[in-house]
Amino acid sequence: MTKRLLALLFALLPLAASAAGDVKLQASNVNIGDRASLQRGAALYMNYCAGCHSLEFQRFSRMAEDLGLTEEQVMTWLNFTERKFGETMTIAMDKGDGEAWFGKAPPDLSLVARAKLGGPDWVYTFLKSFYVDETRPAGWNNTVLANASMPNVLWELQGIQRAVYGQNKDGSSHVERFELTTAGRMTPQQFDQAARDISAFLAYVAEPAALKRQSLGVWVLLFLSLFTFLAWLLKTEYWRDVH
Ligand code: HEC
C-alpha cells in the first residue's frame, strides 16, 4: 500500500509540467462496478497492451478475485507470460530495449488512470486520438499526447483516422477533428465501448480497493439509517412522559 502511494506521488510530480494541454477530454463514463466491462477491458489489455506495458502492482490472483474469474480462466485466457498466478504483471521487455525500439520505454500503467489529469477520461480520449502522421517514426501521432512514441495498437479495431486541420489566427494550424478513412473491425460505437472498457480496467487497477469501498459504502449507509431510526425510537421513548 505504501509502495503504491509513494509511486503515485512520484507519478504526480511531473503533472504540473505536462497538464492535459488544450485538448478537450471526452467523458469516458467508465463504471468500475460493471464487472463485464472490467472483464472485457482486462482481455483487451492483455491482448493489446501487456506486450509493452507492465502493471507492477497488480497480481493475476487479485484480478481473478476482484473480477470474478477462476485461476484457470486467467491462466488460459489472460496470462500470456511465464508469470505464476500469484505474481505481479511485470513484462519481459527490458527498459533499454523499449527505449531503443520506441524512442521512449513504455511506462508502467498501474497508476496512469489516477496520475493523469482527467484520470480514465485521459486514457479514453488518448486511445481514441491516434491519427496518421507520416512525419512521425511510427507513422502515428496523438492529439492528447503530442508526438507520442506509442503506435496506434488498436488501429485494426478502430480503423485509420486522418486529421482535418483548422487554421489558427497566427497562421499555424491545429487538429480540428478526425476523419475515419479506413474502417476497422469495429463500428465507432463498438470502439468507444472497447476504449471505455480498457479505461475502466485501468481505473480499477489504479485503485483495486475502490471496488470494496463502494460495496462497503452501501452497508455503512444502511447502518446509519437503521441507527438513526433506533435513536429516534429511543428519543420518543424518553420524552413520552415529559410534557
Ligand atoms: C508497441 C508497444 C506499445 C503497446 C503495445 C502499447 N503501448 Fe502504450 N505506450 C508505448 C510507449 C512507447 C509509450 C510512451 C509514449 C510517450 O510518452 O511518448 C506509451 C504510452 C502510453 C500511455 C501514456 C503513459 C504516460 O504515463 O504518459 C498510456 C496511457 C498507454 N500507453 C496506454 C496503452 C494502452 C491502453 C495500450 C493497449 C491498448 C497500449 N498503451 C499499448 C508503447 C506501447
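A transmembrane region is placed at residues 216–234 by an unreviewed UniProt entry, in a record whose positions follow the numbering used here and whose annotations may be inferred rather than shown by experiment. In this predicted model, local features need pLDDT of at least 70 and side-chain atom pairs count only at pLDDT 80 or more. Residues are numbered from 1 along each chain as its sequence is written, and hydrogens and water are left out of side-chain values, which use heavy atoms. The span 216–234 is 100% helix and 0% strand, with its end C-alpha atoms 27 Å apart; helices (H or I, at least four residues) and strands (E, at least two) are DSSP runs numbered from the N terminus.

The same record type, again an unreviewed UniProt entry, assigns a Cytochrome c domain to residues 36–209, a span with 42% helix and 19% strand whose end C-alpha atoms lie 18 Å apart.

The iron atom of the ligand is coordinated by His-53 (NE2) and Met-150 (SD) at 1.9 to 2.1 Å, where donors are N, O and S atoms within 2.8 Å of the metal (3.2 Å for Na, K and Ca). His-53 lies in the loop between helix H2 (35–48) and strand S1 (55–59), and Met-150, 97 residues apart from it, in the loop between strand S4 (140–142) and helix H8 (155–158). His-53 is buried at 11% relative accessible area, whereas Met-150 is partly exposed at 21%; buried means under 20%, exposed over 50%, and partly exposed in between (1.4 Å probe, protein chains only).

The loop between S4 and H8 also holds Asn-147, a partly exposed residue at 45% relative accessibility.
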